[in-house]
Amino acid sequence: MSEDTIYKADRGSEPFRFDDKVAQVFPDMLRRSIPGYAASIEAIGSLAARYVRAGTNCYDLGCSLGAATLAMRQGISEPGCRIVAVDLAPAMIERCKQVVAKDTFLPGLMTDVDFVLGDIRDVEFVNASMVVLNYTLQFVDLADRGALLRRIREGMNEGGILVLSEKVVDENAHMEQLLVDLHHEHKRRHDYSELEISRKRAALENVLIPETVAAHRARLQAAGFSHSAVWLRYFNFVSIIAMR
Ligand code: GEK
């Protein structure tokens, strides 16, 4: 796994982009930056085993290098399914194809994967039993998030599930400061320097827009999901399951 050294360099005021440099070091970046990331991937596999029905579609929205796609594929135990893996960044989707092509885990079921280079706001959702937004909605314009979730819900079958993982903010300023401090401490423990942490933070300003857990759950309810629950929280990162 290539080491993420991107913000060892001064990149000036350049906003964060999912380019080739980022794609090359992405697994290391996510592992060291997102507390709970590995747990989210593991649970996506378990949830796929429970909720994906025969002959249905699964969507990995903002798939990056396909970690959630592989977890779903390894978890699915029903025949005739299809996974649609979507990402806006050419560097990500190209590498994702290579990663998935090398997946040799499965003894029997080889669920097909369709790769889509495009915006998740343009995807048509049909016959879906599982939809994954693993740390992706936070990059979508705030104004578009509600409509996207409504369309996802409309394309889901009864009993289908959505996994929504996000960086969040706390309503309380003191709590928010504590959670940010703990996250930065976590990054220092994973060998990011103070300078790398502050450069990355500046680059993500206005690119990654976090919301409160309450805002996410209210939007899910407004989109028509019957209920939702936070199943993972690690500092200011959460993962929510919502049921159709
Ligand atoms: C994982 N889910 O490993 N349409 C399509 N893709 C988008 C959009 C959009 N509108 N906006 C952002 N992306 C992955 C990790 S990373 C999380 C997801 C992170 C894509 C973007 O190109 C990137 O690949 C991904 O969403 C977000 O489980 O970097 O913190």
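**Close-ups of a predicted model**

**View 1. Ser129 sits buried in strand E4.** Ser129 is buried, with a relative accessible area of 2% (buried means under 20% relative accessible area, with a 1.4 Å probe and protein chains only). Ser129 belongs to strand E4 (strands are DSSP runs of E, at least two residues, and helices are runs of H or I, at least four, numbered from the N terminus). Its side chain makes a polar contact with the side chain of Thr56, at 2.7 Å; such a contact is a pair of N or O atoms within 3.5 Å, where within protein one must be able to donate a hydrogen and the other to accept it, and residues adjacent in sequence count only if both atoms are side-chain atoms. Setting aside neighbours within four places in sequence, Ser129 is in contact with residues including Tyr51, Cys58 and Ile161 (contact means heavy atoms within 4.5 Å).

A word on the model: it is predicted, so to speak of local features takes pLDDT of at least 70 and side-chain atom pairs count only at pLDDT 80 or more, while totals for chains, interfaces and linings use all residues. Residues are numbered from 1 along each chain as its sequence is written, and side-chain values use heavy atoms, with hydrogens and water left out.

**View 2. Helix H3 is largely enclosed by the rest of the structure.** Why say so? Because 7 of the 9 residues of H3 (residues 67–75) are buried. Among them are Leu70, Met72 and Arg73. The buried residues of H3 pack against H2, strand E1 (57–61), strand E2 (82–87), helix H4 (90–101), strand E3 (112–117) and strand E4 (128–134).

**View 3. The largest nonpolar core has 47 residues.** A nonpolar core is a set of buried Ala, Val, Leu, Ile, Met, Phe, Trp, Tyr and Cys residues joined through side-chain atoms within 4.5 Å. Met29, Ile44, Met72 and Met130 have the most contacts inside this one, and H1 gives the most to it, with 6 residues. Not counting residues up to four places away in sequence, Ile44 touches Ala68, Ala71, Met72, Met130, Val132, Asn134 and Val163.

View 4. A polar side-chain atom of Tyr37 lies 2.6 Å from a ligand oxygen atom. For Asp87, an N or O atom in the side chain is 2.6 Å from an oxygen atom of the ligand.

Conventions:
Buried < 20%, exposed > 50% of the residue type's maximum accessible area, 1.4 Å probe, protein only.
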